[in-house]
Amino acid sequence: MNVNLLLGLQWGDEGKGKIVDYLTKEYDIIARFQGGPNAGHTLEFNGIKHVLHTIPSGIFHPKAINVVGNGVVIDPVIFKKELEGLDKYDVNYKDALLISRKAHLILPTHRLLDAASETAKGKAKIGSTLKGIGPTYMDKTGRNGIRVGDLEFEDWKDKYRQLADKHEAMINFYNVDVQYDLNELEEEFFEAVEKIKGLQFIDSEEYLFKAMKDGKSILAEGAQGSLLDIDFGTYPFVTSSNTTAAGACTGLGIAPNKIQQVYGIFKAYTTRVGSGPFPTELFDKHGKRMAKVGHEFGATTGRPRRCGWLDLVALKYAVQVNGVTDLMMMKADVLSGFNELKVCTAYHYNGEEIDHLPYNLSAEDLKPVYKTLKGWQEDITKINSFEKLPQTLKDYITFIEDFVEVKVKIVSVGPDRKETIMR
Ligand code: GDP
Ligand code: IMO
Ligand code: MG
């Protein structure tokens, strides 16, 4: 038995999809534990790029079972589109994809509420992906939600109507201009629900418990990143779930003492999409270069991602909150060609130097303190062993390891499955 976690340590889009796909050969089960279609996980192999939103990133491996856990929120409309995307590739999802009955459903009106809430916030908007994530988790904790298991009962449409009517009243309450045709949205929704009813619904905590007893290995796949965590992220500019390690326990029903390795994944620099503080953000040619070379556009919304230097203070915080045992550094290739690289090792705040994340990360007078390291010039995308990497890149990695006190186990040098160096 082996239960490991893989989660993002920054503001999402670290490359979780790529690495879960790469690691799936070592596991029997891949399980998503939180978030929903706000996620966009990219996988590349055999010259084809796939983007998954709700479906776990192990789905392309013929032997792996993929579980969508109770902590995930599912939009049947997006889920149906994802399944249709898989049809082209002969993926046997009828057997390989299992959905927790306790996962909550995103209704069309949750999406509308998301839009109304963001519009009402004006300049203070979160920059949500507008997939209805916040309103769905609000209904979950408010004990009003509709769950996948409800679809197995005759009266689920009555529950649906009641909740959707309430949402419509709430949308009016916001008093903002949100255009919609609910009949059209509902038609699409009910059709999609029929499609997902053809999949296997399970009591996933029971399933995973039994799998562990039978000696199966499980990799839990996180969505978003630690700095978007509802408790530990840059609140209120966060998502609505626990993206950190504890979220895997509540989002799958796996006890903390069953978890062994915690893989923390980060980019060699930093990106963020949506609003909120980002102390090391760059507005100069260096930031533009990262965005261009790294193709930094959101996999879900297509929005440009903000780019900046690696923030080691924030990374260390994420390592601590998650109990990371191994690091994985992504997109090292994007930094090839920089003469110098900066990493943030402290902040100037209120006239003093601090080495931790302050409560108010968006404070006007918060400034990063940088250490400058030498860059590397070589194209590293074809390198396949750690030893062959340029010395200055190895020095960059050593500096990170010494700072956060965890070793880097994987270095990723390109988007393809093959462009991955295991140490
Ligand atoms: P996720 O949400 O954490 O799965 O990450 P995304 O898929 O949203 O964003 C990561 C992006 O970087 C995707 O376009 C990947 O194909 C790409 N990517 C992943 N690893 C690397 C890498 O090492 N180098 C480069 N150049 N691109 C990478
Ligand atoms: P993956 O799994 C990057 C961001 C949004 C917004 C905030 C709240 O691909 O790493 P929400 O839709 O949850 O209400 O948005 O969180 N966000 C992400 N940013 N990657 C993601 O997922 C994200 N999911 C949400 O941009 O700032
Ligand atoms: Mg993403």
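**Exercise 1.** Find how the backbone of Gly40 lies relative to ligand 2, and then look at the polar backbone atoms of Gly127 and Val273.

*Solution.* Start at Gly40, where a backbone N or O atom lies 2.9 Å from an oxygen atom of ligand 2, a polar contact in the sense of a pair of N or O atoms within 3.5 Å. Next, a polar backbone atom of Val273 is 3.0 Å from an oxygen atom of the ligand, and one of Gly127 is 3.4 Å from an oxygen atom of ligand 2. Finally, ligand 2 taken alone exposes 550 Å², of which the protein buries 97%, the areas coming from the Shrake-Rupley method with a 1.4 Å probe.

This is a predicted model, in which local features need pLDDT of at least 70 and side-chain atom pairs count only at pLDDT 80 or more, while totals for chains, interfaces and linings use all residues. Residues are numbered from 1 along each chain as written, chains are lettered from A and ligands numbered from 1 in the order written, and side-chain values use heavy atoms, without hydrogens and water.

**Exercise 2.** Identify the protein donors of the magnesium ion (ligand 3).

*Solution.* The protein donors, counted as N, O and S atoms within 2.8 Å of the metal (3.2 Å for Na, K and Ca), are Asp13 (OD) and Gly40 (O), at 2.1 to 2.2 Å. The pair links distant parts of the chain, 27 residues apart: Asp13 sits in the loop between strand S1 (2-8) and helix H1 (16-23), and Gly40 in the loop between strands S2 (29-32) and S3 (41-45). Helices (H or I, at least four residues) and strands (E, at least two) are DSSP runs, numbered from the N terminus.

Terms used: A polar contact is a pair of N or O atoms within 3.5 Å; within protein, one must be able to donate a hydrogen and the other to accept it, and residues adjacent in sequence count only if both atoms are side-chain atoms.
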